[in-house]
Each structure stands twice: as C-alpha cells, then as structure tokens.
Amino acid sequence: MIYLDNAATTFPKPPEVLQEMFETYSRMGVSPGRGSHDLAVRCEMYLQGVRRQVCKFFGGENPDKVVFACNSTDALNTIIQGLAEPGSHVVSTRLEHNSVLRPLHHLQDQGVITFDLVRFDSNGFIDPRDIADLIRPSTRFVILNHVSNVLGTIQPVFEVGRVCREKGVPLVLDVSQSAGVVPVDMRAMNVQAVAFTGHKSLLGPTGIGGLVLAEGIEVRPVRFGGTGADSINTSHPLEYPYRLEAGTPNILGIIGLSAGMRYVEREGIGSLHGREMSLARLLRDGLASIDGVKMYCAENLDNHTGVIACNVEGLDPADFSAILDGDFDIATRSGLHCAPLLHQDIGTSPRGAVRFSFGPFNTADDVAAVLLAVGAIAGP
Ligand SMILES: Cc1ncc(COP(=O)(O)O)c(C=O)c1O
C-alpha cells in the first residue's frame, strides 16, 4: 500500500518511536506524582523532561508553560475558550481547520465573542495587512493556521507576529501541520501560544498534543479536576502547567511524542522538509502533464509543505480517492478536510478535492505509481 495521507496522520511511525514507547512505558507507566512513591516521582521527573524538550523545540520560555492535551483540537479548545472574554473580538482566517472555526462559532453562538476572518489570495496565502485592518480595541487575540492542511501553504507568521506586536494583541498559532517540517520559534515569531498535535509530522502516536504559552499570557482554566497535588483545595490550582491540565496524563503518548521529536531533531527539520518537497515537486510536475487534472495553489511550491490537492475533471473526488484506494492501493484523503471555508473559496465545495500528502517514508517510486494511476483514471 502507498500511504499518502500523512497530513491526516503520519504512517508508519519510525520503529524506534514504537520501541521507546514499549520500553519506557514498561519501566514507568504509572500515574506521575510529585510527593508520591519513587516510581511516581520518576515518572513526574520524566514528564518535566519532556516539557523542557517541547519548550525548547518551539522556542518557548518556560517549561512549566507546556501544557499537555489530547491533540491540537483539545489544545485549541483550551486556549480559545480560556482567552475569550465576554464582549471580546477575535481575528482569524478562512484557511482554518474546524478545530478553530467550530470553537469560534460556538462562542459566537453563545453571545460571548464576535470574530472576523481574513481571506487568502489565489496562491493560498493571507496578507498580514488584512489582519492589521481587522484588529480593533476589543480584539482579544489573533489565531492563525501556520500551514494549510489542504493547500500546504506556509503562512507569513513573522509578519503577522510583527502586526500583532505593534497592535498589542496576542498571536495564537495552530502548528498542527507545521511542527516537525517547518521551524517554529515562538520568540522570533512573536507568538504567544502554539497548539500542537503529536501524531502528524512530530511522528508520535495519536492522543497527545498540547499548548506552549509565552510568559505573560494568562489562560483561564476551562476544565477542572484532579492534579495530584493540593487535593484539600476545592478550587483547581492556578499555577501552570496544572492550571490547564486535569486528570491523569497520557504517559504513553508523551513518551511517543518525545521519541518522535527526537527523531525529527536527529533527521533535521530542513532535511525532512526538503525530502517531502522534492516528492511534492515531482508529483506536481507529473500531474501538470496529465490532461483533466486540476491542482489547487500548487503552481509555485515555495513556502509550501508536501501537500498537493487536486481533482480530475468530471470525477467526484470521493470516487477518485476510492479508485486510487481500491484499484491501485494508494491511500489519500478526499472531501473538505475539515476546512469548509477554504474549499468554498477555491471553488471545490461541497465535494472537495483529493489530497496527496507526503511523510518521511515516501519515495520517488510512490510518486511514479501515483502518476501512472492518475494517468489511467483521467485518461480517455
Ligand atoms: C491545521 C489543522 N489544525 C488542527 C487539526 C486537528 O488536529 P487533531 O485532529 O490532531 O486534533 C488538524 C488535523 O488535521 C489540522 O490539519
């Protein structure tokens, strides 16, 4: 099988990630606790080590401001709901995933916030000046998808960060698609919070993700429960990271996240990205020579990740993907990719498109097989 659905989740995972999950969890897969038995203390110290690793990876300032969550959807819910204040305003974009759009809509429907979304251009990029124009005194934060999960376009975060700094508004970055293939440096980018997921280009398992917060940004707790400390107190603790974590953490996922990040660091983000892009270029060039194939925002692959969305004229994208799967054993993702406004704007709503997305284990042979398959499907 040729797996080209890496933007949904990377598969397979590096064998050393799975091995480390097995070995470390076998040794200390217990509930962490600061003032508890030896093994629990060791597990807590291990968690703190991973918080330091995550903090450094994203250019954060303080490992206590690394908050683990189930995935980026969970992390985004925490930050969006924890920052929103009654009567406040939010600026975001039409590139966003539903994990941003739906929490915003939910808060708007409840009468808590209002929000505005900037458009992207015909190449799939937003203009930071549009963000500046929408910021008003009541704007509580700007939230931006770093890399589009449909188009693969890397958004101009440095410029947006500059705009936000000038306007004094925090910038929240959804790095679900960028973490592991595009460098993320919160301090250099002037980003006050990133929401990440472990199972995409960070090469960890599903079920783990989190937030990294800059100093100075205060997020209200939106979930409450046990934190393993100060149990006499009926209020949830206000100190980080426990302020935004409740319940037993996903130790197995955290081990996998740590191992995945180490794999990424060893291989090098630049090298992983470069390999993906050479495959994406091969695919783009090959698809461009097949009559009846329409690609979206792939003419220029600068500032891009290894994601190509396309359709075959006259063929429903769901059928296109099903034929690739059934007849050619090629796994892709069709439909709206949880980004309904983006598909509206590129003219592919409501049926969407087929997305090919590369991971570290794809090869040029995979691309050759895809081109043969698409040639046969689109052919006369
Ligand atoms: C841009 C973007 N944001 C958020 C998410 C949500 O990630 P998760 O399902 O891991 O929460 C995804 C996943 O596809 C994504 O591509």
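This report describes the domains, the sheet and the helix contacts of a predicted model.

## Domain arrangement

The domain assignment divides the chain into domain 1, made of 2–11 + 268–378, and domain 2, which covers 15–266. The centres of domain 1 and domain 2, taken over C-alpha atoms, are separated by 27 Å. To the contact, domain 1 contributes 30 residues and domain 2 contributes 36 residues.

## The seven-stranded sheet

Seven strands form an open sheet with mixed pairing, in the order β2-β8-β7-β6-β5-β3-β4. Its edge strands are β2 (66–69) and β4 (113–118), each of which pairs on one side only. On average, and with direction ignored, neighbouring strands of this sheet are turned by 20° against each other.

Within the sheet, the pairing of β3 (residues 88–93) with β5 (residues 139–145) is parallel and extends over three bridges. His89 has Thr139 of β5 as its bridge partner. In general, strands of a sheet pair through backbone hydrogen bonds, in either a parallel or an antiparallel sense.

## Helices α1 and α8

Helix α1 (residues 15–28) and helix α8 (residues 251–267) have axes that come within 9 Å and cross at roughly 140°. At this angle α1 is therefore oblique to α8, because only angles over 145 degrees count as roughly antiparallel. The crossing of α1 with α8 is right-handed.

From α1, the residues in contact are Glu16, Val17, Glu20, Met21, Thr24, Tyr25 and Met28. They meet Ile251, Leu252, Ile255, Gly256, Ala259, Gly260, Arg262, Tyr263 and Arg266 of α8. By class, the contact of α1 with α8 comprises nine nonpolar, three polar and four charged residues.

## Helices α3 and α4

A further helix pair consists of α3 (residues 72–83) and α4 (residues 98–109), whose axes come within 9 Å and cross at roughly 35°. This crossing of α3 and α4 is right-handed.

Helix α3 supplies Thr73, Leu76, Asn77, Ile80 and Gln81 to the contact, while α4 supplies Ser99, Val100, Pro103, Leu104 and Leu107. Six residues of the contact of α3 with α4 are nonpolar and four are polar, with no charged residue.

Definitions and conventions:
Residues are numbered from 1 along each chain as its sequence is written. This is a predicted model: local features need pLDDT of at least 70, side-chain atom pairs count only at pLDDT 80 or more; totals for chains, interfaces and linings use all residues. Side-chain values use heavy atoms; hydrogens and water are left out. Two strands pair if DSSP finds at least two bridges between them. Helices (H or I, at least four residues) and strands (E, at least two) are DSSP runs, numbered from the N terminus. Axes are lines fitted to C-alpha atoms, for helices over the stretch in contact, and angles run from 0 to 180 degrees between N-to-C directions. Angles under 35 degrees count as roughly parallel, over 145 as roughly antiparallel, 65 to 115 as roughly perpendicular and the rest as oblique. A crossing is left-handed if the near helix is turned anticlockwise from the far one by less than a right angle, and right-handed if clockwise. Contact means heavy atoms within 4.5 Å. Ala, Val, Leu, Ile, Met, Phe, Trp, Tyr, Cys and Pro count as nonpolar, Asp, Glu, Lys and Arg as charged, and the others, Gly among them, as polar. Domain bounds come from an automatic or database domain assignment.
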